[in-house]
Amino acid sequence: MKKIVSYILIGILLLGANFSSWTHVQAKSMDEVDNKINELQKEKEALKDKQGDITNKQDKTDQKIDKNLSKQDTVESDIKTIDKKLSNTKTKIKAKQDEIKSTNEKLEQLKTKIKNLKVEIKELQDSIKEREALLKERLRTIQKNGGSMKYMEVILGSQSFSDFISRSSAVNTIMDSDKNIMESLAADKKALEKKKIEIQESKKDVEQKKNALEDQKNELESLKTQLDEQAAEKEKLMAQLEEEHEQLEDYKMSLEEQQRVMEQQAAAIDKAKKSAMNQKAELERQAKERRAKAQSSSSNHSGGSSNSGNISTGGSGTLIWPANGRFSSGYGSRSLGYHYGIDIANSVGTPIHAAESGTVTRAEYSNSYGNVVYIYHPHLNLTTVYAHMSSLSVSYGQQVSVGQQIGNMGNTGNSFGSHCHFEVHKGQWKYHSGVNPMPYLK
């Protein structure tokens, strides 16, 4: 009888010890689940604050967009005004070019006329010299014969009537010749003076035309300079407009992308929190069931044992390399900006694996990242990013285990060559907040 009582007492003690051990393990698991739920709640609150910040930035950006659009309208109006001025200036330049062409033609005509006048003057001067020589000869003849010629003596000295007629005709011829020579000389001198006046006036006209041409040329050059300045101003305004537009669109896209990622992360946290709550409920159910069994066993004076295992909360805090390949670029500053991760290069299609177990908070195409996957690791409070993939093997909200393939290496998005761009973020993903992944990798 004593032996039976001893067995019963030993069974009760063993049962109590087993239940106590299980209760300790169960309490530990419950504490871990509670801690996980608290961490997720903190992450959710922090994420909510970040979403609020992004919303404020979006509001401010919208205001800047409105101002920028207003400025763009002003710049567009300025460009139209410049275009109109350019058109008017080109019309004026064309008119000036036509005037210069016409003036050049007139100038060539005047030069030809001056050249002809010089030839005529030379001929006239030669004719005058001949007549002056003839008159000088006549004067010398008159002086030889004692002064003025005695035309009557010549006539009266006729020997016959026919001689009289001949002498009279000769005297008339001589007198007419002298008269013609005198009149021609006077006319030639007058013509010479007229030609001189004409050539002087022509010269003056040519000089005026030349000066007018120079003025037109200077005006044309001034208009051309004005045209060049207006064209340069137009190019500057266009470049500024395009640059502002590009920066505005990039920033707007960045904010929209951040907001979308934050929403996805919030949904993933809610899902993980729900899973933890279900896990806690299951632990409570198991605890209740175990207590009921313990009470039943205690009442029946029977002992037993339990092998309930601890719920693992995930890895050691270190990450595996996401892909095989060549380390092609490190974390840090570059000539064209800052590199917020590392690059692992290999051929297109090379498998890419999750660096640690966690929840997919993003799996889609991004203009900058290409095909990209974000994985949040709540037990490490880290988010890893895998970018530029050729294809994706996981979807948003999916639970993945360490080493699980999530996609294939590629060259999508803003990429130069097939590689995996890998980032590590403390907590949830934030724009340009990636830290150096090397200390987190095995």
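Biologist: What is the volume of the largest pocket?

Modeller: This is a predicted model, so local features need pLDDT of at least 70 and side-chain atom pairs pLDDT 80 or more, while totals for chains, interfaces and linings use all residues. Residues are numbered from 1 along each chain as its sequence is written, and side-chain values use heavy atoms, without hydrogens and water. A pocket is an open set of points on a 1 Å grid over the protein atoms alone where a 1.4 Å probe fits, with protein on both sides within 12 Å along at least five of seven lines. Taken as the space filled by probe spheres on the joined points, the volume of the largest pocket is about 1000 Å³.

Biologist: Which helix gives the largest share of the lining of the largest pocket?

Modeller: The lining has 29 residues, with Tyr338, Ser368, Tyr369, Asn414 and His432 nearest the pocket centre. The largest share, six residues, comes from H3.

Biologist: In S7, which residue is the bridge partner of valine 360?

Modeller: Strand S7 (residues 370-377) has eight of its eight residues buried. Strand S6 (residues 358-366) runs antiparallel to S7 over seven bridges, where pairing takes at least two DSSP bridges. In S7, the partner of valine 360 is isoleucine 375.

Methods: 1 Å grid on protein atoms, 1.4 Å probe; cavity = no way out; pocket = protein on both sides within 12 Å on 5 of 7 lines; lining within 4 Å. Helix = DSSP H or I, 4+ residues; strand = E, 2+ residues; numbered from the N terminus. Buried < 20%, exposed > 50% of the residue type's maximum accessible area, 1.4 Å probe, protein only.
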